[in-house]
Amino acid sequence: MKKLDFDIEAVKTPAYIIDEKQLVKNLEILNGVEKRTGCKILLAQKAFSCYHLYPVISQYISGTACSGLYEAKLGYECMGKENHVFCAGYREDEIDEIVSYCGHIIFNSFSQLDRYRDRVLKAGKKIGLRINPEHSTQEGHEIYDPCSPTSRLGITLKNFRPDDLEGVSGLHFHTLCEQNSDDLESTLDAFEEKFGKYLNKMEWINFGGGHHITRDDYDIPRLEKCIKRMQDKYGLEVFLEPGEAVALNAGYLVTEVLDIISKDDMDIAILDTSAACHMPDVLEMPYRPPLMNSGKPGEKKYSYRLGSQTCLSGDSIGEYSFDTPLETGSRLVFSDMAIYTMVKNNTFNGMGLPSILVCRKDGTVEKLKEFGYDDFKMRL
């Protein structure tokens, strides 16, 4: 079991704690890929936008990837390196400001390309098109599958216009979600089969995100082979946009037990955190988040269903077991809580947002942000 570098009893709950040591470990892996291949890796801010850590991140990778105006501005202001943007549909009243912040503007359709092409080129920025290779490699999570039959993301071969590529210097695809490089390789095969004939006219290619590069079992040599393939065969500059891989396992959510409710099937522990408010992917994916010093229900002596304070009956985090019984005041630590938490949380039911702290490499804990009533009120 991993030993924490901070005292969970000293933390006011609920609180996200970013683990700088693990973050740097991930970044060193990504930096190695950059150095060995010459590719450029960008932080997909949709997964992790804690800009306080951007000075650390910028030492290892090449920049940021954005999904719209606010992320574009954040990447520009707080990272200040490569800044690429893709959006399914740009707004007329935002496009010029977005272009001012980003070097690569990626369009989801030819209609958007035709509408904004001249303005992007006049600003001296690069244009890309998002492609849908129609090669699905995911099972059971259609909501996260950009190649699903109902996906609105990317231009399919049927809708591709080879005669409308003026000013387009790169192609982009994003088809993966928490996947290994074998799925990238098969996607690249499908992409090249359908669109390879146009790559000789391009300057760059973007492999998108969903690459779990910093996971222990990830096949990095296969990834680097895919990168080299595009570089050697077509002379392309290669970009990748992982989000999870940057901050994978680099954060915690510390929570406290408020009450224990006795039930016939399994006792319920009420926590001061919420799946719906503080870790929405638990309900959206859905998935059972890792909890330190716990087991599956029935694996250890004392089993509990963990729920929150909210009035949403389904606001349950999952079922876990422990060596000793939980009681009011017990502290629990969920891991892998840096990604898709702070960027997606909300104040439903008037729930307060967890504080954001960072545990530095030397073990000191620094408070980055604390929230209160005004943060709830100002959104309404």
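Two strands pair if DSSP finds at least two bridges between them. Strands here are DSSP runs of E with at least two residues, helices are runs of H or I with at least four residues, and both are numbered from the N terminus. With those terms in hand, look at strand β11: 4 bridges join β11 to strand β12 (residues 302-307), and the two run parallel.

This is a predicted model, in which local features need pLDDT of at least 70 and side-chain atom pairs count only at pLDDT 80 or more, while totals for chains, interfaces and linings use all residues. Residues are numbered from 1 along each chain as its sequence is written, and side-chain values use heavy atoms, with hydrogens and water left out.

Strand β11 covers residues 267-271. Strand β10 (residues 251-261) pairs with β11 in the antiparallel sense, over 4 bridges. A hairpin of 5 residues joins β10 to β11. Ile-268 of β11 stands opposite Ile-261. In β12, the bridge partner of Ile-268 is Arg-305.

Buried means under 20% relative accessible area, exposed means over 50%, and partly exposed lies in between (1.4 Å probe, protein chains only).

Gly-251 is part of β10. Its relative accessibility is 1%, so Gly-251 counts as buried. Contact means heavy atoms within 4.5 Å. Leaving aside neighbours within four places in sequence, Gly-251 is in contact with several residues, including Ile-17, Asp-19, Phe-334 and Ala-338.

## The barrel

Now for the barrel. 8 strands close into it, in the order β2-β3-β4-β5-β6-β7-β8-β9, and the pairing is parallel. The twist averages 25 degrees from one strand to the next. Angles are taken between N-to-C directions and run from 0 to 180 degrees; axes are lines fitted to C-alpha atoms, for helices over the stretch in contact.

β5 (residues 104-107) and β6 (residues 126-130) run parallel and are joined by 4 bridges. Ile-106 has Gly-128 as its bridge partner in β6. Helix α5 (residues 110-122) lies across β5, β6 and β7 (168-172), and runs at about 170 degrees to β6.

His-172 sits in β7. How accessible is His-172? Its relative accessibility is 1%, so His-172 counts as buried. Leaving aside neighbours within four places in sequence, His-172 is in contact with Ile-106, Leu-129, Arg-130, Ile-131, Asn-206, Gly-208 and Glu-241.

## The largest pocket

On a 1 Å grid over the protein atoms alone, a pocket is an open set of points with protein on both sides within 12 Å along at least five of seven lines, and lining residues have an atom within 4 Å of a point. The largest pocket has a volume of about 1,200 Å³. It is lined by 48 residues, of which Lys-46, Tyr-144, His-174, Cys-177 and Tyr-340 lie nearest its centre. β3 (63-66), β4 (82-86), α8 (244-247) and α10 (281-284) each supply at least two lining residues. β4 gives the most, with 3 residues.

## Cysteines

A disulfide is a pair of cysteine sulfur atoms within 2.5 Å. How many disulfides does the structure hold? It holds 0. The sulfur of Cys-66 is 4.5 Å from the closest cysteine sulfur, in Cys-102, so it is too far for a bond. Cys-359 is in no disulfide either, as the nearest cysteine sulfur, in Cys-50, is 14 Å away. Cys-66 is buried, with a relative accessible area of 5%. Cys-359 is buried too, at 2%.

## Backbone angles

Most residues other than glycine have a negative phi, and most peptide bonds are trans. The table lists some exceptions.

| Site | Feature | Value |
|---|---|---|
| Thr-13 to Pro-14 | cis peptide bond | omega about -10 degrees |
| Met-285 to Pro-286 | cis peptide bond | omega near -10 degrees |
| Glu-178 | positive phi | phi near 55 degrees |
| Asn-293 | positive phi | phi near 60 degrees |

Pro-14 is in the segment before β1 (15-19). Pro-286 lies in the loop between α10 and β12, and Asn-293 is found in the loop between α10 and β12. Glu-178 lies in the loop between β7 and α6 (181-195). Its relative accessible area is 35%, so Glu-178 is partly exposed.

Notes. On a 1 Å grid over the protein atoms alone, a cavity is a set of points where a 1.4 Å probe fits but cannot get out, and a pocket is an open set with protein on both sides within 12 Å along at least five of seven lines; lining residues have an atom within 4 Å of a point. Grid points are joined across faces, edges and corners, and a volume is the space filled by probe spheres set on the points.
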